[in-house]
Amino acid sequence: MAIDTLPKTTSSGHKRPKQPPLRAARKAGGRLWIRIAVAVLLVVEVYPLIWMFLTSLKSNSDYLNNSTWSLPTTWEWGNYAEAWTTGNIGLYVKNSLLAVVPALALILLLGTAAGFALQIMVWKGRSLTLLVFLAGMMIPPQMILLPLFTVYFQAGLSGTLWPLILTYTGTGLPLTVFMMATYYKTVPRELFEAATLDGAGILRAFWTISVPMVRNALLTVGLVQFFFIWNDLLIALTFTNSQDLRTIQVGLLNFTGDFGATQYGPLFAAICINVFGTLVIYLFLNQKVMKGLTSGAVKG
């Protein structure tokens, strides 16, 4: 039997260069280690979610008497209904949305306008103003809670969600202004010069030119701030003085069932509602976030 020893050629007729065996083996070994590392990271990330979901389907006796890693003996799907009704998770989610959505809207509006003014507009003292915003990032939130609590009490805002909205807006603005000012560096100045020559005012240039140009950045900053605010416990625990005003994080901290006893099945069901809800939001907007993160890295 004859063996074909002719060198392989490409479609254009040129000889295909043969890869050295040692280099090919190293390349294959490197890919194998990368796949193993990715698999380990996937297990580390996914397994706690699976364990949390399975625990949310256990009864209270099943959780206390059996092994932590065992599967549920009976699948208690009613834990989710009990968490939503008896555990008041529905109320806590509503309070979180009423506090997060207005604060996030104010952060994005004011932060985008400030970033536009600091990078696009030319005026004296803008560099110093940017440094003042950056200084706000260095103030620990713990230092401002007591003065703010006194101010809100004297202003008659205690017992409402306004302290949360105002505090979230104030603490979220420094980072937002810094990030939006960075993103505005990638916007070509020629666009605004052309708009000015066409007779556009500063407000029209802001709304019709700058905002569409940084929409991916807005989505990225908005998602980052959303997770910061949604997962906040310290500020919400300080300014919510009644059960009717608790956000979801404070509600999970004080989650109890009938007669004050902790019901672990409904508790983990409430945690799953919180975690998987935010996870779905991130997975849905993942590609937009990646575009927003890279758009500020290279000047366009």
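**Figure 1. Phenylalanine 116 and tyrosine 184, two buried aromatic residues.** Phenylalanine 116 and tyrosine 184 are both buried in this predicted model. The structure holds 14 aromatic pairs. In the pair shown here, the ring centres of phenylalanine 116 and tyrosine 184 are 5.8 Å apart. Their planes meet at 70°, so the pair is edge-to-face; the cut-off for that class is over 60 degrees. Phenylalanine 116 belongs to helix α4 (residues 89-119). Tyrosine 184 belongs to helix α7 (residues 162-184). The pair therefore ties together parts that lie 68 residues apart in sequence.

**Figure 2. An aromatic cluster.** Six residues are displayed: Tyr47, Trp51, Tyr63, Trp69, Tyr264 and Phe268. Together they form one aromatic cluster.

**Figure 3. The largest pocket.** Its volume is about 500 Å³. The lining of the largest pocket is made up of 22 residues. Pro141, Gly170, Thr171, Gly172 and Ile235 lie nearest the centre of the pocket. Four helices each supply at least two lining residues: α6 (141-154), α7, α10 (215-230) and α11 (234-239). Helix α7 gives the most, with eight residues. By residue type, the lining of the largest pocket divides into 15 nonpolar, six polar and one charged.

**Figure 4. The second largest pocket.** This pocket holds about 170 Å³ of space. Phe116, from the aromatic pair of Figure 1, is one of the residues that line the second largest pocket. The lining also includes Ile120, Met121, Arg189, Phe192 and Glu193. Ala195, Thr196, Ala200, Gly201, Ile202 and Ala205 line the pocket as well. Helices α8 (189-197) and α9 (202-213) each supply at least two residues of this lining. Helix α8 gives the most, with five. The lining of the second largest pocket divides into eight nonpolar, two polar and two charged residues.

Figure 5. Serine 96 lies in helix α4. Its relative accessibility is 3%, so serine 96 counts as buried; the cut-off is under 20%. A polar atom of the serine 96 side chain lies 2.9 Å from the backbone nitrogen of isoleucine 248. Leaving aside neighbours within four places in sequence, serine 96 is in contact with Trp230, Thr247 and Ile248.

**Figure 6. Asparagine 88, a residue with positive phi.** Asparagine 88 sits in the loop between α3 (78-85) and α4. Its phi is positive, about 60°, although asparagine 88 is not a glycine. At 25% relative accessibility, asparagine 88 counts as partly exposed.

**Figure 7. The whole protein, for orientation.** The secondary structure comes to 14 helices and zero strands. Of the 300 residues of the protein, 33% count as buried. Take contacts between residues at least 6 apart in sequence: 70% of them join residues at least 24 apart.

How values were computed. Residues numbered from 1 in each chain as written. Predicted model: local features only at pLDDT ≥ 70, side-chain atom pairs only at ≥ 80, totals over all residues. Heavy atoms only, no water. Phe/Tyr/Trp six-rings, centres within 6.5 Å; stacked < 30°, edge-to-face > 60°. Buried < 20%, exposed > 50% of the residue type's maximum accessible area, 1.4 Å probe, protein only. 1 Å grid on protein atoms, 1.4 Å probe; cavity = no way out; pocket = protein on both sides within 12 Å on 5 of 7 lines; lining within 4 Å. Points joined across faces, edges and corners; volume = space filled by probe spheres on them. Nonpolar A, V, L, I, M, F, W, Y, C, P; charged D, E, K, R; others polar. Polar contact = N/O pair within 3.5 Å; in protein donor to acceptor, adjacent residues only side chain to side chain. Contact = heavy atoms within 4.5 Å.
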